[in-house]
Structures are given as C-alpha cells and as structure tokens.
Amino acid sequence: METTYWHEKWKRNDIGFHEASGNSLLSEFFAELSLSKGDRVFIPLCGKTRDIAWLLSRGYGVVGAELSELAVQQLFMELELIPEIEQAGELKRYWAKNIEIFVGDIFDLTEKHLRDVSAIYDRAALVALPADIRQRYTQHLMAVTKVVPQLLISFEYEQSQLSGPPFSISSREIYDHYNANYHVKKLASRDVLGGLKGLVPAQEVAWLLSRR
Ligand SMILES: C[S@@+](CC[C@H](N)C(=O)[O-])C[C@H]1O[C@@H](n2cnc3c(N)ncnc32)[C@H](O)[C@@H]1O
C-alpha cells in the first residue's frame with residue numbers, strides 16, 4: 001500500500017475503518033495487559049481512533065504513530081487539546097499532557113522516539129498492511145518497543161472475497177510473526193455484524209501477546 005493511498009483516504013474523508021465509539025474489544029480485554037495508571041500505551045498506525053480518548057480518560061499515557069498529519073490534527077481537535085508541535089528526526093511530534101503522536105512513516109520511528117512504553121495496542125494496523133510489508137512491520141514494532149506486551153485486534157475472512165485493506169490475517173500468520181518472542185493467546189473471536197464492509201462474513205479477533 002503506497003503512502004499516497006492513505007493520504008488520499010484522509011483527504012477524501014474515506015475512513016470507514018474509524019469507529020465512532022472506539023473498539024469494544026479494547027474495553028473488554030485491556031485489563032489483560034495488567035498495566036498501572038500512568039503507564040504509556042503505544043498505538044501504531046493510530047489514525048484518530050477514539051480508543052485514545054478511552055485510554056486517556058482512564059489515566060494512561062498514549063504514544064501514537066500516524067502517517068497522516070490531517071488525521072492527527074483532527075485527533076487533537078476532537079480531544080479538545082491544543083498540541084505543541086516540533087520536529088523529531090524524520091518525524092513531526094504533536095504532543096500535549098499524557099499524549100504524543102509521531103507523524104510520518106512508522107518505519108522512521110526509532111526506540112529513542114518511544115522511550116518508555118509499557119504495551120502496544122494494535123487495532124487495524126497489522127491488518128492495514130499488505131502481506132509483503134507485514135513481516136517488516138512486526139519486526140520493527142518489536143525492535144522499537146523491546147517486545148512489550150501487546151493487545152492485537154485482527155480480522156479473519158476469506159481473502160479471495162475482498163481485496164484489503166483490511167487484510168485477513170490467519171492465526172498461523174500471527175504465530176509466525178510473534179511466537180518466537182511472545183506467548184500468543186487468542187482471547188476472543190467475534191462475528192463482524194453485517195459482515196466486513198457490509199459484504200463479507202468475517203471475525204474480529206483479539207490476541208494477547210505476552211513476552212516470553
Ligand atoms: C486502517 S487505519 C486504522 C487507524 C486506527 N488504528 C483505527 O483503529 O482507527 C490505518 C492507519 O494507518 C495509517 N498508516 C498507513 N501506513 C502507515 C505508515 N507507513 N506509517 C504510519 N501510519 C500509516 C493510515 O494513515 C491510517 O490512518
């Protein structure tokens with residue numbers, strides 16, 4: 001997926017992936033990460049997800065990475081926060097109390113940008129990437145976070161019925177990416193109401209990855 005694909009989507013406001021009330025699997029399974037108030041959660045490919053508001057309201061810090069500056073501007077507006085903005089290496093850093101978002105290509109994000117994060121929340125990030133990028137993404141994620149626990153939400157459906165994103169990720173593939181460094185546990189698998197994009201029967205799957 002070229003970066004222009006995502007920039008165009010944000011420009012056209014074609015953001016069907018954005019959930020107006022956030023993701024219910026986050027609230028259901030967040031406790032599995034065993035975090036303490038004040039811990040910082042890294043959200044790769046964060047868009048302007050309402051899950052950020054949910055985490056902030058419960059006293060957690062949020063660090064995000066997002067390609068689209070438009071998305072990040074909308075995020076801060078909707079949070080009713082005025083960000084400070086500065087250059088941070090290849091990326092731009094938008095920040096306010098308890099939140100910092102790095103704007104640019106996630107592959108330009110380094111361990112130094114993230115400092116101390118206690119967990120990763122991946123919703124619609126791994127599934128947003130085509131197969132040939134996913135291995136690079138998961139390796140990068142583990143390198144920059146030093147393999148902190150992860151709550152991962154993926155989709156499974158018959159890939160031949162729909163061209164992604166979101167892409168279908170099999171259980172096998174989750175294990176292939178993460179089993180060497182994490183204990184991988186499937187927490188739940190739920191039918192997507194009305195089908196994915198209203199078209200294809202699909203399951204939304206929650207995974208807990210805990211460090212080995
Ligand atoms: C499917 S959306 C999911 C957004 C968010 N996680 C949510 O749940 O609403 C994927 C997001 O990844 C961003 N993105 C795509 N490629 C990226 C990259 N290489 N680096 C950073 N962000 C990227 C897109 O702009 C888009 O906002």
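These legends accompany several close-up views of a predicted model.

In this prediction, local features need pLDDT of at least 70 and side-chain atom pairs count only at pLDDT 80 or more, while totals for chains, interfaces and linings use all residues. Residues are numbered from 1 along each chain as its sequence is written.

**Figure 1. The whole chain, to get your bearings.**
The protein chain has 7 helices and 9 strands, where helices (H or I, at least four residues) and strands (E, at least two) are DSSP runs numbered from the N terminus. Its radius of gyration is 16 Å, close to the 17 Å that the globule rule gives for 212 residues, so the chain is as compact as a globular protein of that length. That radius is taken over C-alpha atoms, and the rule is 2.2 Å times the number of residues to the power 0.38. The C-alpha trace spans about 45 × 40 × 30 Å along its principal axes. Of the 212 residues, 36% count as buried; a residue is buried if 20 or more other C-beta atoms lie within 10 Å of its own, exposed if 12 or fewer, and partly exposed in between, with C-beta atoms placed from the backbone. Two residues are in contact if their C-beta atoms, placed from the backbone, lie within 7 Å. Among contacts between residues at least 6 apart in sequence, 64% join residues at least 24 apart.

**Figure 2. Two positions from the UniProt "binding site" list.**
The unreviewed UniProt entry lists Trp 10, Leu 45, Glu 66 and Arg 123 under "binding site". UniProt positions follow the numbering used here, feature names are shortened, and annotations may be inferred rather than shown by experiment. Zoom in on Leu 45, in the loop between strand 1 (40–44) and helix 3 (51–57). Leu 45 counts as buried because it has 23 C-beta neighbours inside 10 Å. Leaving aside neighbours within four places in sequence, Leu 45 is in contact with Ala 65, Glu 66, Ile 106, Ala 125 and Ala 128; Glu 66 is itself on the UniProt list. Trp 10 lies in helix 1 (residues 3–12) and is buried, with 20 other C-beta atoms within 10 Å. Helix 1 as a whole is hardly covered, with a count of 1 buried residue among its 10. Just after helix 1, Asn 13 takes a positive phi of about 60 degrees.

**Figure 3. Inside the largest nonpolar core.**
This core holds 55 residues, of which Val 41, Val 62, Ile 101 and Ala 119 touch the most other members. Such a core is a set of buried Ala, Val, Leu, Ile, Met, Phe, Trp, Tyr and Cys residues joined through C-beta atoms within 7 Å. Beyond its neighbours within four places in sequence, Val 62 has contacts that include Val 41, Ile 52, Leu 56 and Asn 98.

Asn 98 has a positive phi of about 70 degrees although it is not a glycine. Asn 98 sits in the loop between strand 4 (91–96) and strand 5 (99–103), and its 15 C-beta neighbours inside 10 Å make it partly exposed. Glu 80 also has a positive phi, near 60 degrees; this residue belongs to the loop between helix 4 (69–78) and strand 3 (84–88) and, with 7 C-beta neighbours inside 10 Å, counts as exposed. A cis peptide bond joins Gly 164 and Pro 165, with omega about 0 degrees. The bond from Pro 165 to Pro 166 is cis too, with omega near 0 degrees. Pro 165 is found in the loop between strand 7 (150–157) and helix 7 (171–178).

**Figure 4. Glu 156 in its strand.**
Glu 156 is placed in strand 7 and counts as buried, with 20 C-beta neighbours inside 10 Å. Leaving aside neighbours within four places in sequence, its contacts include Ser 168, Ser 170, Ala 202 and Val 205.
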